[in-house]
Amino acid sequence: MFTAITRQISPRLNECELTHLDRQPIDLDLARAQHQQYEAALREAGCEVISLPAEAELPDAVFVEDVALVFDEVAIITRPGADSRKPEAESIARALSPYRTLCTIEAPGTLDGGDVLRVGKTVYIGLSSRSNRSAVEQTQKFLAPYGYTVKGVEVTGCLHLKSAVTQVNDDILLINPAWVDRSIFGTMKFIEVDEAEPSAANAVWIGDTVLYPSSFPETQRRLEEAGLHLKIVDATEVAKAEGAVTCCSLIFKKR
Ligand code: CIR
């Protein structure tokens, strides 16, 4: 029912971009084992996984989410905000071209897919250190023919909009209200992260399953109490690179 594009971990992951965290050594073997567990969880949740080879020279290339936005109708290749990440786009464009017509964000636009949250026909774009208003305008132009509305959203304290908020079922958003203003999301319901777990708002919603990291037990309990079906994965190593579970895949409907 779904296709998920992933990419193997670069041997240079320890040279990743960092914005909010101090550098800590990443155990590459453990990171690879966790990534395999993540891919297995995607398969169990109903995805056919296309696992691309590592980009050895591009430390952050495992975070494929940042390089493209895939909608049912079209895909947009982004122009990542960090210069070291701009070369990641080429191979993702190649991988997506059999599945969707491609549009491309051009300079002066910069956009990381981690800043993009689609809720129904509304697309929220975090105005972060990585994504700017030019990208919001370009995305609006690409998506207008398909009936989407695109809105820029202020985020503070975190790397991307989806560090602060993700969708976990049809009408619930998982949110850290300290990092994004919930009033922009209209009539949606919210589950708040536990205060002691500020980075706990990133989850992958696939059909009736939510992939969720093992590092946030209090917020996990809130999700379970809401009746959500969780598949728990270990993501400690990508977290040291400021990555989270949404970052490591591009998930889209087969058609
Ligand atoms: C970066 O700073 O670009 C990477 N080290 C982490 C990217 C995480 N991606 C995401 O949240 N979508």
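Guide: Residue classes come first: Ala, Val, Leu, Ile, Met, Phe, Trp, Tyr, Cys and Pro count as nonpolar, Asp, Glu, Lys and Arg as charged, and the others, Gly among them, as polar. This is a predicted model, in which local features need pLDDT of at least 70, side-chain atom pairs count only at pLDDT 80 or more, and totals for chains, interfaces and linings use all residues. Residues are numbered from 1 along each chain as its sequence is written, and side-chain values use heavy atoms, with hydrogens and water left out.

Let's start with the cavities, of which two reach 30 Å³ or more (sets of points on a 1 Å grid over the protein atoms alone, where a 1.4 Å probe fits but cannot get out; lining residues have an atom within 4 Å of a point). The largest cavity has a volume of about 100 Å³ (the space filled by probe spheres set on the points, which are joined across faces, edges and corners). Its lining is made up of 14 residues, and F63, R85, L159, A241 and E242 are the ones nearest the centre. By class, that lining of the largest cavity holds five nonpolar, three polar and six charged residues.

The second largest cavity comes to about 80 Å³. Around it you will find A31, Q34, H35, Y38, V233, D234, A235, V238, A244, V245 and C248. Helix α1, residues 28-44, contributes the most to this lining of the second largest cavity, with four residues (helices, H or I, of at least four residues, and strands, E, of at least two, are DSSP runs numbered from the N terminus). The classes here are eight nonpolar, two polar and one charged.

Now for the contacts. The model has 20 salt bridges (a side-chain nitrogen of Lys or Arg within 4 Å of a carboxyl oxygen of Asp or Glu). One of them joins E55 to R7, at 3.6 Å from N to O. E55 sits in the loop between β2 (47-52) and β3 (68-70), while R7 belongs to strand β1 (residues 2-7), so this bridge ties together parts 48 residues apart in sequence. R7 is buried, at 1% relative accessible area, and E55 is partly exposed at 23% (buried means under 20%, exposed over 50%, partly exposed in between, with a 1.4 Å probe and protein chains only).

Another salt bridge pairs K86 with D83, the closest N and O atoms lying 2.6 Å apart. K86 is partly exposed at 21% relative accessibility, whereas D83 is exposed at 61%. In the bridge between E192 and R182, the closest N and O atoms are 2.4 Å apart. E192 lies in strand β11 (residues 189-192) and R182 in the loop between β10 (172-175) and β11, so parts 10 residues apart in sequence are tied together. Both ends are partly exposed: E192 has a relative accessible area of 33%, and R182 has 30% relative accessibility.

β6 runs antiparallel to β7 (residues 122-127), and four bridges join them. In this pairing V116 stands opposite I125 of β7.

Terms used
1 Å grid on protein atoms, 1.4 Å probe; cavity = no way out; pocket = protein on both sides within 12 Å on 5 of 7 lines; lining within 4 Å. Pairing = 2+ DSSP bridges.
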